[in-house]
Amino acid sequence: MKLVGASRGRWRDCKNSCCVLCISAVGQLGGPQTSQVTEWRNLDPRRMQMPQGNPLLLSYTLQELLAKDTVQVELIPEKKGLFLKHVEYEVSSQRFKSSVYRRYNDFVVFHEVLLHKFPYRMVPALPPKRVLGADREFIEGRRRALKRFINLVARHPPFSEDVLLKLFLSFSGSDVQHKLKEAAQCVGDEFTNCKLAARAKDFLPADIQTQFAMSRELIRNVYNSFYKLRDRAERIASRAIDNAADLLIFGKELSALGSDTTPLPSWAALHLSTWGSLKQALKGLSVEFALLADKAAQQGKKEENDVVEKLNLFLDLLQSYKDLCERHEKGVLHKHQRALHKYGLMKRQMMSAAHGREPESVEQLESRIVEQENVIQTMELRNYFSLYCLHQETQLVHVYLPLTSHILGAFVNSQIQGHKEMSKVWNDLKPKLSCLFAGPHSVLTPPRSPQEDGMCPH
């Protein structure tokens with residue numbers, strides 16, 4: 001089975017100067033490096049370093065990926081439309097030193113063109129569209145999800161050097177969606193623009209299918225564990241915020257008790273001075289409890305931002321890998337199998353025609369079989385290229401695994417800092433309680449510890 005010349009020439013003459021695979025393999029294939037630089041391309045070779053050996057292997061570290069860019073996504077005040085309010089986001093990139101305004105539909109178009117151009121790569125999913133009656137919690141959750149999406153894309157090796165990303169992060173015109181579609185229509189997908197597409201099989205290990213199955217199972221288990229960790233981290237952060245609300249209410253109730261002006265009955269006049277002192281002390285404690293509530297709220301927010309969000313970022317990455325595996329199996333692999341089935345039917349038809357049992361001429365069937373052989377050959381090449389990309393994406397997931405230590409470090413530091421700050425407030429509060437404890441003959445006696453009461457076991 002041979003490829004038609006046009007198809008072979010298309011793979012041989014790669015015009016995608018931002019293809020990481022092509023740049024990494026120039027030395028091996030002996031081809032000259034393309035020097036085309038368009039208005040939207042500003043490539044830095046240092047960002048695209050790969051081993052001189054097998055281009056299948058990635059050499060990035062987590063720090064190098066994180067250093068590629070940091071993108072902020074912030075809500076801007078809602079604009080009232082004719083019928084609905086429209087939410088806009090300010091998207092700021094450190095790398096491009098840019099700040100642009102984007103709506104959710106802009107993210108949708110960017111996601112679509114990215115998936116069209118890179119069907120064999122991990123393209124993170126977008127959060128759901130706005131539903132009727134969406135509250136602030138939903139809008140804030142979607143903002144966080146969009147921020148995770150764009151940061152994963154901006155740090156992905158092939159995506160980070162593609163014209164689509166720079167357009168999305170720096171184009172300040174009024175119709176970014178049209179620009180994105182226009183840029184995507186100019187070129188085909190990564191397979192049609194990569195020099196290594198026709199040779200991907202040569203770089204794959206012999207047991208690639210076994211490795212793929214093992215990696216998929218491992219990442220599925222990692223995903224399940226991190227999903228449970230994220231849920232527990234959410235509950236811990238939520239408890240800290242709930243604790244803050246409880247402490248604030250506790251302090252307000254003490255203040256209300258201290259501000260009570262209800263007069264004492266005559267038989268209790270003997271204790272009038274004591275109750276007055278107690279009320280004055282209770283009223284003053286609300287300040288400390290408000291401070292405790294503030295510290296607890298800060299700890300909860302810090303754990304949401306530094307722990308829960310990082311866990312969600314990693315989960316988004318793992319989910320995009322799972323989605324990629326499904327696209328491989330249900331997409332190119334399924335099409336390859338379907339093309340083989342069609343080829344078998346055509347071969348049987350030709351055998352029947354050769355014996356005079358089919359009206360269609362043998363020449364027409366031969367022509368159709370040759371066309372089908374070309375289709376099968378293309379599907380085989382796409383299948384191997386898909387496996388090639390899957391192997392690299394699997395490595396990319398493993399590069400992100402050390403993020404676990406970052407997450408644990410943030411969690412431990414948050415707990416230490418939070419408990420330290422709250423402990424200081426509690427210690428400052430303790431001396432102010434002395435006037436609340438009155439013993440015989442008006443001697444103030446604060447409560448003793450269990451050891452002082454003789455309750456400590458021998």
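This is a predicted model: local features need pLDDT of at least 70, side-chain atom pairs count only at pLDDT 80 or more; totals for chains, interfaces and linings use all residues.
Start with the rings. A pair of aromatic rings is described by the distance of the centres and the angle of the planes. Here, rings count as a pair if their centres lie within 6.5 Å. By that rule the model holds 14 aromatic pairs. One of them joins Phe107 and Phe149, with centres 6.4 Å apart and planes at 65°. Planes over 60 degrees apart count as edge-to-face, so the Phe107 and Phe149 pair is edge-to-face. Phe107 is buried, at a relative accessible area of 0%. Phe149 is buried as well, at 1%.

A second pair brings together Phe226 and Phe314. Their centres are 4.8 Å apart and their planes make 70°, again edge-to-face. This pair also links distant parts of the chain, 88 residues apart. Phe226 belongs to helix H10 (residues 208-258), and Phe314 to helix H11 (residues 272-354). Buried means under 20% relative accessible area. Phe226 has 8%, so Phe226 is buried. Phe314 has 1% and is buried too.

Phe168 leads on to helix H7. Helix H7 spans residues 163-170 and is mostly covered, with seven of its eight residues buried. Phe168 is among the buried ones, together with Val163, Leu164, Leu165, Lys166, Leu167 and Leu169. At the start of H7, Asp162 places a side-chain oxygen within 3.0 Å of the backbone nitrogen of Leu164.

How do H5 and H7 pack? Two packed helices are described by the angle between their axes and the distance between the axes. For H5 and H7 the angle is about 140°, and the axes are 11 Å apart. An angle over 145 degrees would count as roughly antiparallel. H5 and H7 are therefore oblique to each other. Their crossing is left-handed.

Two charged side chains complete the tour of the rings. Arg230 lies over the face of Tyr227, at 4.8 Å from the ring centre. Lys322 lies over the face of Tyr223, at 4.0 Å from the ring centre.

Methods:
Residues are numbered from 1 along each chain as its sequence is written. Side-chain values use heavy atoms; hydrogens and water are left out. Rings of Phe, Tyr and Trp (its six-membered ring) pair if their centres lie within 6.5 Å; planes under 30 degrees apart count as stacked, over 60 as edge-to-face and the rest as tilted. Buried means under 20% relative accessible area, exposed over 50%, partly exposed in between (1.4 Å probe, protein chains only). Helices (H or I, at least four residues) and strands (E, at least two) are DSSP runs, numbered from the N terminus. A charge sits over a ring if NZ of Lys or CZ of Arg is within 6 Å of the ring centre and within 35 degrees of the ring normal. A polar contact is a pair of N or O atoms within 3.5 Å; within protein, one must be able to donate a hydrogen and the other to accept it, and residues adjacent in sequence count only if both atoms are side-chain atoms. Axes are lines fitted to C-alpha atoms, for helices over the stretch in contact, and angles run from 0 to 180 degrees between N-to-C directions. Angles under 35 degrees count as roughly parallel, over 145 as roughly antiparallel, 65 to 115 as roughly perpendicular and the rest as oblique. A crossing is left-handed if the near helix is turned anticlockwise from the far one by less than a right angle, and right-handed if clockwise.
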